[in-house]
Number of protein chains: 2
Amino acid sequence: MDLFRQKCKEYNLKTTPQRVVIYNEIRNSKEHPCTDNMFKKVRRIFPDISFDTVNRTLLTFTEIGILNVVEGYGGPKRFDPDLNNHHHFWCIRCNNIIDLYNKSYDNMKIVKGVQKGFTVLRKKVILEGICNKCNRRD
Amino acid sequence: MDLFRQKCKEYNLKTTPQRVVIYNEIRNSKEHPCTDNMFKKVRRIFPDISFDTVNRTLLTFTEIGILNVVEGYGGPKRFDPDLNNHHHFWCIRCNNIIDLYNKSYDNMKIVKGVQKGFTVLRKKVILEGICNKCNRRD
DNA sequence: CTCGGTGCAAAATGTTTGCAAGTAC
DNA sequence: GTACTTGCAAACATTTTGCACCGAG
């Protein structure tokens, strides 16, 4: 919440009730929701909010760095409230994303080809496959 | 081309002229085109093809494993003709994807949390940042 | 000849924009 | 009071679906 207020001040954003609710909901989220998921969640608390506001707010949050967008395959955007360095396992069947925390992944070196002239902001490992639940279901 | 014919046989797909053209174009592509890029490319060779066929064919190709879809952030799907193990640098400004080849990335271990019950089909490293061209442009 | 593939048009899905009215500061 | 935000509606972009016709095997 401090981060939120601080960033709002920094970027001249007003702390509207809508933004507060969206911030709290995504912070408390353990998943990687898409905009529509967030809209449904937020509307339980703030029934008159528009989809539009949720969408714009999520994009604004990624711009000011209190949220990340995570990799997907062309479907709806998905957001990640965890700003710590972490990695993902992606189930290609149920589309679930599982967070992975691993020091050796974090410490991975940046390959030479990318160093000159490039700025690397984030580096992450993505594992793709079938999760335990989907495997069990077969 | 052999891979193409073999896979078509395997999955009972007909080798239509449309599919042949699409296959050749994506194979010769050094980029990571989206469906619309492919449509434009293919239409130069096969002017009467529909967008629809290109889209369906690309999806079919990913299903039979002669193409991969690559990670994105909710925009149009992008395809990758390179089936070898490789990694990506992603410019968040110009949206360009640069292929990275690196043995130590290839040899990365799979973390323990994912081993029981999970099937890992692919693993890759994604670097996100600003590419040399975009940096120069500032 | 037959079944899968194509092209078209329409629908569905997801995102963005323009603007009048509202509200945080 | 003013500038930023919101909600709405319409536009846009991308993908998917249904179906009649076509053509590769």
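**Figure 1. Buried area between the two domains of chain A.** Domain 1 of chain A and domain 2 of chain A bury about 810 Å² between them. Carbon and sulfur atoms account for 48% of that area. The model shown here and in the other views is predicted. Domain 1 of chain A covers residues 2-79, and domain 2 of chain A covers residues 84-137. Their C-alpha centres are 23 Å apart. To the contact, domain 1 of chain A gives seven residues and domain 2 of chain A gives 10 residues.

**Figure 2. The salt bridge between the domains of chain A.** One salt bridge is counted between domain 1 of chain A and domain 2 of chain A. In a salt bridge between A:Glu71 and A:Lys124, the side chains meet with an N to O distance of 3.1 Å. Five residue pairs, both members at pLDDT 80 or more, are in polar contact between domain 1 of chain A and domain 2 of chain A. On the side of domain 1 of chain A that touches domain 2 of chain A, two residues are nonpolar, three are polar and two are charged.

**Figure 3. The protein surface near DNA strand C.** DNA strand C is surrounded by 21 residues. The closest are A:Thr15 from chain A, and B:Thr16, B:Arg19, B:Asp52 and B:Thr53 from chain B. By residue type, the surface near DNA strand C has nine charged, six polar and six nonpolar residues. Among the atoms of DNA strand C within 4 Å of the protein, 65% are sugar or phosphate atoms, and the rest belong to bases.

Figure 4. On the base side, an N or O atom in the side chain of A:Lys14 is 3.3 Å from a base nitrogen of DNA strand C. On the phosphate side, chain B supplies backbone atoms: a polar backbone atom of B:Asp48 is 3.4 Å from a phosphate oxygen of DNA strand C, and a polar backbone atom of B:Ser50 is 3.2 Å from a phosphate oxygen of DNA strand C.

Conventions: Residues numbered from 1 in each chain as written. Chains lettered and ligands numbered in written order. Predicted model: local features only at pLDDT ≥ 70, side-chain atom pairs only at ≥ 80, totals over all residues. Heavy atoms only, no water. Near = heavy atom within 4 Å. Polar contact = N/O pair within 3.5 Å; in protein donor to acceptor, adjacent residues only side chain to side chain. Nonpolar A, V, L, I, M, F, W, Y, C, P; charged D, E, K, R; others polar. Domains from an automatic or database assignment. Contact = heavy atoms within 4.5 Å. Buried area = accessible area lost by both parts, 1.4 Å probe. Salt bridge = Lys/Arg side-chain N within 4 Å of Asp/Glu carboxyl O.
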